[in-house]
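I want to go through this one piece by piece and jot down what I find.

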Amino acid sequence: MSATPLDTLRAGAAALGVALSDTQAEQLLAYGTLMLKWNKVYNLTAVRDPAGVMTHHLLDSLAAVAPLQREWTGKGRLLDVGSGGGLPGVVIAIMRPDIEVSCLDAVAKKAAFVQQVAAELELPNLRGVHARVESLAGSYEVISSRAFASLPDFFNGSMNLLAPGGVWLAMKGKLPTDELAALPAGVAVFHVEQLTVPGLDAERCIVWARKETV
C-alpha cells in the first residue's frame, strides 16, 4: 500500500524532530492544496505537483521549525522576507501559534494569497504584507528568508527591522561561502546549521546571525 500524503508528512516531520498535532497536519496539507490550486492563476511556485510541494516546500520549510524552537522559545514577531507564497512563513505560523508571522513580498498577488491562507486555515497569527523590505517599518524578533537574495542584501535590507536581541534565520542551499565573506558591518553570523530534508536530494543550511554588540 502506498503512503498517503499524511503518512509522508508525519514521517518527514518526525525525521526533522517536529511533532505534528492532527490540526497542524491538516493545516499543512490544506496549505499545500491551496498552493497548487492558486498556482494555476498566480504562478506562486515552479513546483506544480503534490509530491514536489511536499518535499520542496512543506518539509523543506518544516526543517526550520526545530532550529527556530531552539533559538527562539518565547513569543514574538517574525518577518518572512521575500516570502512568495508563504515559505517558510506560513509553515512557521502553523507550527508556532505563539509567534506573529508577517509574510512580506513585493508582488501583491503573493501577499494576497497568504492573506487567503490565513483566512481559510483560521490562522490569526499570520498575515500577508505587500511591500518592499526597504520601505517597511517595525520591529521583529526573528527575520527569516528562504532562497531570497544574497545574504548581504538580506541583512542590509532588513537591518533596521531587527529588534534588539533578535535573530536572522536565512535558509540557503549549499553553504554560501562567498556571501559569508561579504557580510555587512554590524552583522555577526553565530551558527551555520546543515539541514537534511527527507526526500530532498539537495544541500540545505540555515545561516543564523544577530547584530554585533558594541
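**Pockets**

I started with the lining of the largest pocket, where α3 (50-62) and β5 (162-172) each supply at least two residues. Before going on, I noted that this is a predicted model, in which local features need pLDDT of at least 70 and side-chain atom pairs count only at pLDDT 80 or more, while totals for chains, interfaces and linings use all residues. Residues are numbered from 1 along each chain as its sequence is written, and side-chain values use heavy atoms, with hydrogens and water left out.

I also wrote down what the names stand for: helices (H or I, at least four residues) and strands (E, at least two) are DSSP runs, numbered from the N terminus. A pocket is found on a 1 Å grid over the protein atoms alone, as an open set of points where a 1.4 Å probe fits, with protein on both sides within 12 Å along at least five of seven lines; lining residues have an atom within 4 Å of a point.

How much space lies in the largest pocket? I got about 240 Å³, where a volume is the space filled by probe spheres set on the points, and grid points are joined across faces, edges and corners. There are 18 residues lining the largest pocket, and the closest to its centre are His57, Gly82, Leu87, Arg146 and Ala147. By class, the lining holds five nonpolar, seven polar and six charged residues. For the classes, Ala, Val, Leu, Ile, Met, Phe, Trp, Tyr, Cys and Pro count as nonpolar, Asp, Glu, Lys and Arg as charged, and the others, Gly among them, as polar.

The second largest pocket has about 190 Å³ of space. Its lining includes Pro5, Leu29, Met54 and Leu58. Two or more residues each come from α1 (5-15), α2 (22-42) and α3, and α3 gives the most, with five.

Next I traced the strands. Seven of them form an open sheet with mixed pairing, in the order β3-β2-β1-β4-β5-β7-β6. Two strands pair if DSSP finds at least two bridges between them. Strands of a sheet pair through backbone hydrogen bonds, either parallel or antiparallel.

I zoomed in on one pair: β1 (residues 76-81) and β2 (residues 99-105) run parallel, with six bridges. Leu78 has Val101 in β2 as its bridge partner.

**Helices on the sheet**

I then checked what covers the strands. Helix α3 lies across β4 (140-146), β5 and β7 (204-211), at about 145° to β4. Helix α6 (residues 108-120) lies across β2 and β3, at about 165° to β3. Axes here are lines fitted to C-alpha atoms, for helices over the stretch in contact, and angles run from 0 to 180 degrees between N-to-C directions. Contact means heavy atoms within 4.5 Å.

**Helix against helix**

I looked at α1 with α2: their axes come within 11 Å and cross at roughly 115°. Pro5, Leu6, Leu9 and Arg10 of α1 make the contact with Asp22, Ala25, Leu28 and Leu29 of α2. That contact has six nonpolar, no polar and two charged residues.

For α1 and α3, the axes come within 10 Å and cross at roughly 35°. Among the α1 residues in this contact are Pro5 and Leu9, and α3 brings Met54, Leu59 and Leu62.

α2 also packs on α6, at an angle of about 145° with the axes 11 Å apart. On the α2 side I found Tyr31, Leu34, Met35, Trp38 and Tyr42, which meet Lys109, Phe113, Gln116, Val117 and Glu120 in α6. Seven of these count as nonpolar, one as polar and two as charged.

Most residues other than glycine have a negative phi, and most peptide bonds are trans. I found an exception of each kind. The peptide bond from Leu87 to Pro88 is cis, with omega near 0°, and Pro88 sits in the loop between β1 and α5 (89-95). Glu122 has a positive phi, near 55°, and its place is the loop between α6 and β3.
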